[in-house]
Amino acid sequence: MKKLFELKNWHVKFKTPDGMVNALDDISISVNKGECHGIVGESGSGKSQMMLSAFGLLASNGSTTGTALFDDLPIEPQKLLGQRVGFIFQDPLTSLTPHLTIGQQMVEALRRYQSLSIADARKICIGLLDRCRISDSSRRIDQYPHELSGGMRQRVMIAQALTSKPDMLIADEPTTALDVTVQAQVLSLLKELQKERSMALVFITHDMGVVAGMADTITVLRKGKIIEQAPVEAIFRAPKHEYTKLLISARKSPVSNEVTAIERKPCLIAKNINVKFSIKKNWREKLWLRAVDGVDVNIAHGECLAVIGESGCGKSTLARSLIGLQSKVAGDISLDKEDVNTLTVRDRCLALQIVFQDPFASLDPRMTIGDAITEPLQILKPLLNDHQRRQILLSIIDEVGVAKAWLNRYPHELSGGQSQRVGIARALIVNPKLLICDEAISALDTTTALQIIDLLQRLKQDRALSMMFITHDLGAAFHIGDRVMVLYLGRIVEEGRAGAVLKNPCHPYTKTLLTASPVSDPEAMRARAAVHLVDDVPSPLDTRSAMRFLKSRMIDNPTADQYRPVMLKAGDDHAYAEFDASAAL
Amino acid sequence: MIAFIIRRLIFMVPTLFVVIAVTFMLMHAAPGGPFDREQQLTPEAEAELNIHYGLNKPLVSQFTQYLGGVLHGDFGPSFRYKEYSVRDLIGQGLPVSAQLGIQALMLALIFGISIGLYAGYNRNKFSDSIIMGFAMIGIAVPNFVVAPMLALVFAVWLHWLPVSGLDAPGAMILPTISLVLPQIAAVARLTRGSVIEVLQQNYIRTARAKAMPTHVILLRHALKPSLMPIVSYLGPAAANLLTGSVVIEVIFGLPGIGRYFVQGALNRDYTLVLGVIIVYATLLIVLNLLADLIYSWLDPRLRMS
């Protein structure tokens, strides 16, 4: 095979107010024609900068040294970009110009190097959108990026990159912002396009599972240095570096630690939780979005319920309803057999605590870490004196692994993992009966997320803590959850003991999630059937979309009250929602 | 969209009502009256004048009477310029002020945005520093300093342009320049800031990755989103131009409505001040509505379905 792209002894430096920062240090990689090269690393590893710098797209304070070759010639970005090299980026919403239509953006790229009339260019673009499975492409081409769903936007990005008929496509975390089912679609599209056009593909990601089925060769980067580079089979079969092993272990196939059934003493019981949001259709009419639609939650003492769902399934709204942060919640919630509505706000806060997704945004930037952790005590247990508070603080930070030295620092001085530990300490300092973790690991790097999961698991055992662990990451959910609950458009589609659900998933949505989530196993990933879906998650505003798995009972009226699927028993503590035999996602 | 405009126009009514009511009360709360002169009037004569202009009635009935007049387009008689009604005075002065204001606003936008775009693209380079230095001076030096200096240089010394009045050709040039300089500086600074921010956006990186030439990136991808803060500034800018023109019109002796505002307030010419206030308030409300419409043109995400 012939080499297409090569970096030799490549260095990237940034001039910052703190002096020169080495972003990449002595990097050498090569990509062959038609090959897929996976570049794996966490945030700050320099993985994106590598390809941006090679093609002159570095920020103005960056500088490079070393050799960058394309087709054995030194790279001249203006001769390659838009002609032989295409880029797609992580966040398709911010990476497409918001005030230009899809068509305008694609046509300008196409006409940059080809003399075409606008009408001809449009035709080619519609063809490319069709190829990227954008349904109704001749209408979509005149829409703005914000009018499309996340998955569709990413497929538009791909179509736009294809306008240049690239020999090499560089995909920078192309699926990170997407739901697992959508991710699976985009991955299978990229794979097909790569084969069909015998394109080289450089796939940059933090997720070993995602590249497992795509890449021929993998380069693992850490802190600007290559720590391992090998063919995909070799790297998964026999990773040499500890760090590579860690990255791989983060995406092993979900396993659940089967626990022997113990007697369940109910901690939190919520019945028929409903949360509706009104959305103005026009000045007179309102549409109702049922964010949470008749959900029952049942968590026993010392048990962890993992709530799994994709964006828009209502999982965060559910968490907020339980904790009392959501207004207009219908349904009964009881804690230790006491109706939460009879509790004072203080008692409710003492009993229920939450850890939020974004550790930085959830801490007051003007408060020291120590103050942030003890603030709940000051408000909820005002009778404690300073000495007692200090004692509690010291014991809790010891337990969750917050260093004493951090207490006088401010949130921006901590890393994501450290801030999340602070978030956990803040929640646990009042010794709550139930801890809700709302996507508490989603914003973290792979290795940090693993550490936080370990921490939560240890806390759960040591404290016999009841937990509700909300996530879109199946691996984490089955790893930590004793029981799991799968939400889809505000409703439960499957629920039960983690082991039972994993072994015998009954609902088609659960099955799809399980087959769509990436695992660190190249063979298994390659063997997966291509996901040929055109549609994304349907609009929760349309009551018909809730009947996606039970079309036979659907009333075809967007505002009508639909039939409610009943929960069927699949076994002891394992139930799933009714669905049509032919239903699939 | 049309429903939105109509709704906003309807909301204008209560806003204007509040503006009129507050100004009316404040004017009457200020000590003194329209007939206080150096030469003291006899109490009888003053009482007669008060009766003639209805100032002897209770304040509330004066107010309702005035409002009734406004609804018919009658802004009452001027207390000071006895031979004119307020409507006549504004009718004469407004075209001059409007010409001055619109010219200044257009120039401020055209020059301010171009300069800001250039400076933002050449951020932290020498040319950028020079431009921003001048912009700082432009903002810091008040126009009642700039205006006499310009008049001194270009009118008195060089005799290129008239010192004051509206009759000679080019009479509008110096007033417009002195009015617009600080505005150009302000718009340029705002534009520069937002251009710098927009150029760091992901979609600019995408455009660069598509090998789009610089002028396409700047004008097609970066310009529209960079204008958002300028549009927000449009309302305050118009207000600055209005209040600025009050000073400028007095300095250059232009027969606009700005000087009526100043003189009217000093003379307690209640109706004249109220009339000018109504004009200004309406203008500001309409401009703010315009700003909202421009927002949705700039950013399709704000367009109402």
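Across the interface of chain B and chain A, 2 salt bridges are found, a salt bridge being a side-chain nitrogen of Lys or Arg within 4 Å of a carboxyl oxygen of Asp or Glu. The model is predicted, with local features requiring pLDDT of at least 70 and side-chain atom pairs counted only at pLDDT 80 or more, while totals for chains, interfaces and linings use all residues. Residues are numbered from 1 along each chain as its sequence is written, chains are lettered from A and ligands numbered from 1 in the order in which they are written, and side-chain values use heavy atoms, with hydrogens and water left out.

A salt bridge joins the side chains of Glu108(A) and Lys210(B), at 3.0 Å from N to O. In the interface, 19 residues of chain B are in contact with 26 residues of chain A (contact: heavy atoms within 4.5 Å). The two chains bury about 2,200 Å² between them, 56% of which is given by carbon and sulfur atoms; buried area is the accessible area (1.4 Å probe) that two parts lose on being put together, summed over both. On the chain B side, the most area is lost to chain A by Arg205(B), Lys210(B) and Arg220(B), together 26% of what that side buries.

The structure holds 7 cavities of 30 Å³ or more. A cavity is a set of points, on a 1 Å grid over the protein atoms alone, where a 1.4 Å probe fits but cannot get out, and its lining residues have an atom within 4 Å of a point. Grid points are joined across faces, edges and corners, and a volume is the space filled by probe spheres set on the points.

The largest cavity has a volume of about 100 Å³. Its lining includes Ala109(A) and Gln160(A) from chain A, and Thr206(B), Ala209(B) and Lys210(B) from chain B. Two or more lining residues each come from β6 (85-88) and α7 (150-162) of chain A and from α8 (202-209) of chain B, where helices (H or I, at least four residues) and strands (E, at least two) are DSSP runs numbered from the N terminus. The largest share, 3 residues, is that of β6(A). By class, this lining has 5 nonpolar, 6 polar and 1 charged residues; Ala, Val, Leu, Ile, Met, Phe, Trp, Tyr, Cys and Pro count as nonpolar, Asp, Glu, Lys and Arg as charged, and the others, Gly among them, as polar.

The second largest cavity has a volume of about 60 Å³. Among the residues that line it are Arg251(A), Lys252(A), Asp473(A) and Ser517(A). Its lining comprises 4 nonpolar, 2 polar and 3 charged residues.

Lys460(A) is placed in helix α17 (residues 446-463) of chain A. Lys460(A) counts as buried because its relative accessibility is 12%, the classes being buried under 20% relative accessible area, exposed over 50% and partly exposed in between (1.4 Å probe, protein chains only). Beyond its neighbours within four places in sequence, the contacts of Lys460(A) include Glu303(A), Cys304(A), Met467(A) and Asp482(A).

Leu394(A), in helix α15 (residues 386-400) of chain A, is partly exposed, with a relative accessible area of 25%. Its C-alpha atom is separated by 7.7 Å from that of Lys404(A), 10 residues apart along the chain.

Ala171(B) lies in the loop between α6 (143-157) and α7 (173-199) of chain B and is buried, at 8% relative accessible area. Not counting residues up to four places away in sequence, Ala171(B) touches Pro162(B), Gly165(B) and Leu166(B).

How values were computed: On a 1 Å grid over the protein atoms alone, a cavity is a set of points where a 1.4 Å probe fits but cannot get out, and a pocket is an open set with protein on both sides within 12 Å along at least five of seven lines; lining residues have an atom within 4 Å of a point.
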